[in-house]
Amino acid sequence: MSREAWGASVVVLLLIVGHLLLHVTLGIGRAAPDLLTLAVLLGARRLRGGPAAGLGLGCGLLQDSLSALAFGAASATYAVLGVLGSRSRDVFVGESALFLGLYLFCGKWLHDILYMVLADSVRSGDVVSAVLVDAPVGALYMTGVGLVIMGAYRALGWRV
Amino acid sequence: MNDYLDEPRRSRWRDLSVGAVLLAAAFLLLFLPPQYQTSVRRTMRATVLRPFIMAQSDLLAGGLRRVDVTELRAQRDSLSAVVAAQASLAEENRRLRALLGLQERTGPSFQAAELVRVGMEGGGSTFLLRIGSAAGVHVGSPVIVPEGLLGVVWDVDRGTAQGIDWTHPDFRASAMTADGRAYGIVEPRRGRFREEDRLALTGAPFHTDIPAGTRVVTSGRGGIYPRGILIGTVVGVEESETGWRKSYVVQPAVRPAAVTHALVGVGDDHADLSRLWNVAHADSGSTAAGQAGIPPGSDR
């Protein structure tokens, strides 16, 4: 494993731990960024389809274990996100901040919609505002945090 | 994390197959029987997530201790600082004393527990309790606070338990008006904001008018909640269903976000708890919800 791959693994691990610290230990809800989705999206860009799905499945299980909504919804969502993120390298190639921002934004938006559908929360809430307001705002927040983290990551001389 | 762009096609196909299998496994989780879901949840909470959950409890306890230190320093510094610092401490004190008073009156069928909230997606209506099956907590144990019914235990480990509060979409409670004139099922109604979440008393007889201000309590039917736990107060009619049943909007007695300690039902003793909230007799309907039956002067 190269130094760069180690660096990426550490970043993904730190993001997962950071998410659990913010959301579980400190109990911060939406005010804290969704670092779990960020970890899956960033990790998937560097992983092959299988490991990316595994990363998504693992992260999803963490969330499902603490959720009382549909069990498995987060696992399935993150696994799909992992595979799509991994496959996205075949379709979209880019290293710029703009591309990375778009990738993270679309990934998080897709995550929120997929999760909403799989958790069947479509029936119990305002779908339009959830998809067109809540999800984009959350995606924007996560994208901002992701760009800052990746900026620091690149400052170390590593690529995304 | 090795690059795979230059790898042979066969390797990529194998990799895609692994991905497809994992993807299928992830979707299979959606259809996993509840008993297996519980096992997975417990395992994850007892292993990977345990440090984070325990750390939250420790932080909570540490926060309380820091309040005490602040209080002592404030007393030493000046009287005005004492007054300022006592605001939050007095609130905490009031809650704990109220809970203590409630526990004395509920007897050994309820155990006090620390309540921990999780900020994960999908966990908004859930909480963790630092008490488990070792103390007699079981799936379906009611969780109450001095203001009334908070929720119900959903899943139990030996030392911890997970519960849902009344805002959870799956929450249901068999209920009645405090005077026993109308029975129905209480279920949550999602508002535009979480602060607007309400309860609805559904299935009430059409011919019975329930005036605003009437208190709604658990009826004891269904074997989950003991009879007489305060749920909330009727604030108006929600809708009339097909001309033979009515639904009423109920202002819940408990605000889940403010709860840090609660009492959890242990054992199967379903005694009538009406006396705790003074709802044993016909309700005048004029009092607001949330009067937990705290003995006068006990906590102030």
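A charge is said to sit over a ring when NZ of Lys or CZ of Arg is within 6 Å of the ring centre and within 35 degrees of the ring normal. The views below show a predicted model.

**View 1. Charged side chains over aromatic rings.** In chain A, the charged end of Arg45(A) sits over the ring of Tyr103(A), at 5.2 Å from the ring centre. In chain B, the charged end of Lys246(B) is placed over the ring of Phe206(B), 5.1 Å from its centre.

View 2. Over all chains, the structure holds three aromatic pairs. One of them joins Phe105(A) and Trp109(A) in an edge-to-face arrangement, with 5.5 Å centre to centre and 75 degrees between the planes. Phe105(A) is buried, with a relative accessible area of 17%, whereas Trp109(A) is partly exposed at 26%.

View 3. Phe171(B) and Tyr225(B) form a tilted pair, 6.2 Å centre to centre with 55 degrees between the planes. Phe171(B) is buried at 1% relative accessibility, and Tyr225(B) is buried at 5%.

**View 4. A nonpolar surface patch on chain A.** Val128(A), Leu132(A), Val133(A) and Val137(A) make a patch of about 380 Å². Val137(A) is located in helix H6 (residues 127-155) and is exposed, with a relative accessible area of 54%.

Key
Residues numbered from 1 in each chain as written. Chains lettered and ligands numbered in written order. Predicted model: local features only at pLDDT ≥ 70, side-chain atom pairs only at ≥ 80, totals over all residues. Heavy atoms only, no water. Patch = residues over 30% accessible without salt bridge, like charges linked within 9 Å, V, L, I, M, F, W, Y side chains within 5 Å. Areas by Shrake-Rupley, 256 points an atom, 1.4 Å probe, with all protein chains shown as cover. Salt bridge = Lys/Arg side-chain N within 4 Å of Asp/Glu carboxyl O. Helix = DSSP H or I, 4+ residues; strand = E, 2+ residues; numbered from the N terminus. Buried < 20%, exposed > 50% of the residue type's maximum accessible area, 1.4 Å probe, protein only. Phe/Tyr/Trp six-rings, centres within 6.5 Å; stacked < 30°, edge-to-face > 60°.
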